Amino acid sequence: MPFSETIFVVDGNCEKSTMRNRRFLECTFVLVLVTVIILQWIRYKNLQEEWLSEQRSTIIQRLDENARQTKLISEDMRAAIKSIETQKRMLLQMQGKEYYRNKPTIYAITPTFARFVQKAELTRLAQTFVHIPTFHWILVEDSTNKTNLVTNLLMGSGLAFTHLAIPTPPNYKLGRNDPNWKKPRGVEQRNAGLKWLRENLTPDDEGIVFFADDDNTYSIKLFEEMEKIKHVGVWPVGLVGGLMVEKPICDEATRKVVGFNSAWKSDRPFPIDMAGFAFKLKLLFQHKDAWFSFEIQSGYQESEILRHITTRDQLEPLADCCKKVYVWHTRTEPPKLSAEQLLTKKGKKSNEGIEV
Ligand code: UGA
Ligand code: MN
């Protein structure tokens with residue numbers, strides 16, 4: 001009995017310590033489990049917060065983008081509607097007037113490039129051209145891409161237009177300090193305009209082709225003169241070539257061009273300015289090799305295209321036998337921006353967010 005008691009006592013002690021160990025292990029296990037759960041929960045909460053803020057910023061970005069697109073579309077829509085309305089007004093004006101029905105479309109090709117005065121120059125041109133009832137402006141930017149400035153200007157102009165962009169090859173581009181006679185200007189752009197005409201019109205279309213540089217001032221009367229052209233028309237240009245007026249000399253009796261009064265490079269085959277002539281569209285289809293070129297002497301661009309499509313004795317003098325001036329090479333003076341330069345140095349600008 002004592003023996004068995006002893007055994008019992010020994011067994012009892014043993015069981016107690018095993019129990020304590022197990023409880024300790026259980027407690028530890030529970031503690032570890034709880035800690036793991038808490039840690040996981042914290043991690044989950046963090047991830048959830050991260051995901052939510054990511055979602056929030058994506059949604060905000062999308063909303064901003066939607067707002068921007070809606071604004072752009074509504075601006076475009078407004079401009080398009082305005083343009084359609086102007087066209088409609090013009091059509092209504094033309095209806096019932098036989099006079100307008102026989103008018104050729106005047107396709108004016110204008111090379112243009114980005115500079116401080118560009119918007120002012122193009123605004124002056126657009127606001128003259130909008131008065132010509134049968135007018136199509138081919139505006140060609142000297143750049144790789146069409147710019148927003150020119151796109152918006154055209155959209156809001158109420159004009160029929162074609163907008164193109166092609167850069168002058170770098171080796172022919174004027175340097176910042178080069179005088180402007182050093183390299184030919186507008187060659188690539190005018191050729192792009194000619195290509196567009198040849199690809200999009202036919203020899204049966206009634207049209208007149210004119211090269212309207214963006215640094216000139218045009219009278220509406222000039223375009224009325226152009227409507228008379230049967231082949232190639234010429235007229236005086238004011239304030240160009242070092243003279244008050246550079247002009248073809250028109251014989252009153254025969255109404256023929258018998259010479260030119262030019263002072264600058266007067267031995268040119270056609271000593272006239274780009275703004276001093278226009279021709280029938282069909283000539284572009286009859287003379288497929290009529291283009292401008294980089295490979296000719298400076299100042300010979302006008303002669304280059306004209307020599308392909310006409311001869312001197314075929315020229316038709318217009319503007320009252322070349323006695324009237326309806327176009328001027330006004331050339332807007334580059335603006336003086338010394339105060340702006342000071343602002344720029346301070347990292348500021350007067351036109352922040354404003355298109356000038
Ligand atoms: C004169 C004539 O008036 C031009 O018709 C002729 O192309 C030029 O000479 C020439 O011989 O190359 P000028 O006044 O010296 O022109 O030249 P700009 O008026 O400065 O340029 C003619 C056109 O080309 C303008 O419509 C102008 O906006 C555009 N241009 C000028 C460009 O597209 N990119 C340029 O880098 C410079
Ligand atoms: Mn010019």
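**A close look at one position**

Phe279 has 0% relative accessibility and therefore counts as buried, a class meaning under 20% relative accessible area, with exposed over 50% and partly exposed in between (1.4 Å probe, protein chains only). The model is predicted, so local features need pLDDT of at least 70 and side-chain atom pairs count only at pLDDT 80 or more, while totals for chains, interfaces and linings use all residues. Residues are numbered from 1 along each chain as its sequence is written, chains are lettered from A and ligands numbered from 1 in the order in which they are written, and side-chain values use heavy atoms, without hydrogens or water.

Phe279 belongs to strand S11, residues 277–280; helices (H or I, at least four residues) and strands (E, at least two) are DSSP runs, numbered from the N terminus. Leaving aside residues up to four places away in sequence, Phe279 touches Gly207, Ile208, Val209, Phe211, Ile229, His231, Val232, Leu284 and Ile309, contact being heavy atoms within 4.5 Å. Leu315 lies 36 residues from Phe279 along the chain, with 9.7 Å between the two C-alpha atoms.

From here the account turns to a helix. H5 (187–200) consists of 14 residues and spans 20 Å from first C-alpha to last, close to the expected 20 Å, where the expected span is 1.5 Å times one less than the number of residues. Its buried residues are Val187, Gln189, Arg190, Asn191, Ala192, Gly193, Leu194, Leu197 and Arg198. Strands S1 (105–112), S2 (135–141), S3 (160–165) and S4 (207–211) are among the elements that cover them, as are helices H7 (282–286) and H8 (301–309).

The manganese ion (ligand 2) has Asp215 (OD) and His329 (NE2) as its protein donors, at 2.0 to 2.2 Å; donors are N, O and S atoms within 2.8 Å of the metal (3.2 Å for Na, K and Ca), and sites may look incomplete as water is not among the atoms. These two residues are 114 apart in the chain: Asp215 sits in the loop between S4 and strand S5 (217–218), and His329 in the loop between strand S13 (327–328) and helix H10 (338–345). Asp215 counts as buried because its relative accessibility is 11%.

His329 is also a neighbour of Leu239, which touches Met244, Val245 and Trp328 as well, not counting residues up to four places away in sequence. Leu239 is located in strand S7 (237–240) and, at 39% relative accessibility, counts as partly exposed. From Leu239 to Leu149 the distance is 29 Å, C-alpha to C-alpha, and 90 residues in sequence.

Leu149 brings in a helix pair: in H4, Leu149, Val150 and Leu153 meet Gln118, Lys119, Leu122, Thr123 and Ala126 of H3. The axes of H3 (118–129) and H4 (148–155) are 11 Å apart at an angle of about 20°; axes are lines fitted to C-alpha atoms, for helices over the stretch in contact, and angles run from 0 to 180 degrees between N-to-C directions. H3 is therefore roughly parallel to H4, as angles under 35 degrees count as roughly parallel, over 145 as roughly antiparallel, 65 to 115 as roughly perpendicular and the rest as oblique.

Finally, helix H9 (319–322) contains Cys321, whose phi is positive, near 50°. Cys322, also in H9, has a positive phi of about 60°.
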